[in-house]
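User: Hey, I'm new to this one. Can you walk me through it?
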There are 2 protein chains.
Amino acid sequence: MAGTDKSKTPDDLSSRGLEGASAMGPAVVLIEPQLGENIGMVARAMLNSGLTDLRLVRPRDGWPNEAANKAASGADAVIERARLFDSTAAAIAGCQRVYASTARPRGMVKRLVTPRQAAAEIRPAIQAGEAVAVLFGPERSGLVNDDIALADTVIQVPLNPAFASLNLAQAVLLVGYEWYQSGDATPGQQLDSGGAPLVDKADLLFFFERLEAKLDDAGFLQPIEKRPNMVRNIRNIFQRTDLTEPEVRTLHGIVSALTREKRSQDES
Amino acid sequence: MAGTDKSKTPDDLSSRGLEGASAMGPAVVLIEPQLGENIGMVARAMLNSGLTDLRLVRPRDGWPNEAANKAASGADAVIERARLFDSTAAAIAGCQRVYASTARPRGMVKRLVTPRQAAAEIRPAIQAGEAVAVLFGPERSGLVNDDIALADTVIQVPLNPAFASLNLAQAVLLVGYEWYQSGDATPGQQLDSGGAPLVDKADLLFFFERLEAKLDDAGFLQPIEKRPNMVRNIRNIFQRTDLTEPEVRTLHGIVSALTREKRSQDES
């Protein structure tokens, strides 16, 4: 347990941004981070994801770091709770599971998972009382083999293999995002759009503009200061329904009929 | 169709980073982006995600933009193919589906989906021949209602509600990441770790160090320049197996037995 400092474990979650965070997430361990700005951006990505346990191993520019404070704006609470360690081993003491986030497999035999699979494993592990850490290496070089060897499992983000490099805060964000999703129950919303081809947006806009011109002629979109909101509300009525090409032709026909204007393609 | 310039549609995917990209992804439409640096970071996030169709509506500092080129380093091909529009309507002409990415619902009745749900809808829509765009607003203010009204559906990223704000490139990255995942078939890898409690990392490291000291004594970890690699390979053998507490006690017992060292807790 040498190296862990239980007295600084996050426990007061009443500060700004922490209401939506849980003390029960994986620790984010930054190994030899270089720029304070990146540490601050990591703190923001963590708080976005409801994570608060930041551990720093030998940050290049020392700690505390003014550039980190500045870049963390809004996520100050994560920076204030960050803990400093002089070795990766000390930073992960007390953990039962350690993941290493790296874009580059180094020829070691390791379990390899995606961020989504990692989140699906970490959440029940933490609920069962285990402590979990995720290691991230220095900005340019990434994790060295000795640190990867300390991990049970490598997290690799499936991305365009021809252009997979992420900056430090983005890597933390994707891992943290999946962590958050794994505990999120945002309901799906679906509408059945039917089989007909959906209308081209240019054709839909032409319909809106024609309709609104007719309504202007009729004095409907009054008073003028309320017109923008009325137009938006009308457009939203039609936008929500995934209109098809024939439906928009029909709507044109309705407008024509109502305004007694004859057009060759009227069908209804 | 006014405003689209089909002659600049991405078609040559032989440039660096584009091998893993497909011309068949949603367009990313940045409305009034302010900093060139952010446009460059968006280009990188797009190429990470295999997306190449970047459309700019009234970028504040004009176009082309040297800061964008610099920040895009490596994703130059996306910047070079970017197309400029003077209105959101022009940028989405030719599209059948438009999504608006915004952290803030504005009291409009709109379909609301997560990035994951959006990706699950967009992929089959594009495969069916539809063109799709995702709108992102200016850095600080986000999308205005008039632009949200042009969209069929709002994409909201489920994140810590007390700290949900993302920078522009991060928002694009999360939407693009889900797009990429929806077409990715990275296999899951799982090991059954059994029911016993997993070992504390500090205890596991103590075992490694004891074992390695014994191996040093025995002259096994020679020559010295190969020692680091040998140690890593040995550690990886044990790391991979999700060792439990009793297993590590057993391993200690084995080491003790093999070296004829007597310890009180030996059990095997």
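Analyst: Here's a quick tour, starting with how to read the model.
Analyst: This is a predicted model, where local features need pLDDT of at least 70, side-chain atom pairs count only at pLDDT 80 or more, and totals for chains, interfaces and linings use all residues. Residues are numbered from 1 along each chain as its sequence is written, chains are lettered from A and ligands numbered from 1 in the order in which they are written, and side-chain values use heavy atoms, with hydrogens and water left out.

User: OK. What rotation superposes chain A on chain B?
Analyst: A rotation of 180° with 0.0 Å of shift along its axis, giving an RMSD of 0.0 Å. That's the relation of a two-fold axis. Both copies use the same surface, as 100% of the contact residues of chain A recur in chain B. The superposition is by least squares on the C-alpha atoms of residues with pLDDT of at least 70 in both, and contact means heavy atoms within 4.5 Å.

User: Which residues touch the most other members in the largest nonpolar core?
Analyst: Those are A:Leu30, A:Leu54, B:Leu30 and B:Leu54, in a core of 87 residues. A nonpolar core is a set of buried Ala, Val, Leu, Ile, Met, Phe, Trp, Tyr and Cys residues joined through side-chain atoms within 4.5 Å. Buried means under 20% relative accessible area, exposed over 50%, and partly exposed in between, with a 1.4 Å probe and protein chains only.

User: And what's B:Leu54 in contact with?
Analyst: Leaving aside neighbours within four places in sequence, the contacts of B:Leu54 include B:Leu30, B:Ile39, B:Met46 and B:Arg81.

User: Switching topic: is B:Leu51 buried or exposed?
Analyst: B:Leu51 is buried, because its relative accessibility is 3%. Past the neighbours within four places in sequence, B:Leu51 has contacts including B:Pro26, B:Val78 and B:Trp179.

User: What about A:Arg83, buried or exposed?
Analyst: A:Arg83 is buried too, at 5% relative accessible area. Its side chain makes a polar contact of 3.2 Å with that of A:Asp53. A polar contact is a pair of N or O atoms within 3.5 Å; within protein, one must be able to donate a hydrogen and the other to accept it, and residues adjacent in sequence count only if both atoms are side-chain atoms.

User: Last one: what's the strand order in the open sheet of chain B?
Analyst: The order of its 7 strands is E3-E2-E1-E6-E4-E7-E5, with parallel pairing. Strands E3 (83–85) and E5 (111–113) of chain B stand at the edges with a single partner strand each, so one side of each has no neighbour in the sheet. Strands are DSSP runs of at least two residues, numbered from the N terminus, and two of them pair if DSSP finds at least two bridges between them.

Notes:
Helices (H or I, at least four residues) and strands (E, at least two) are DSSP runs, numbered from the N terminus.
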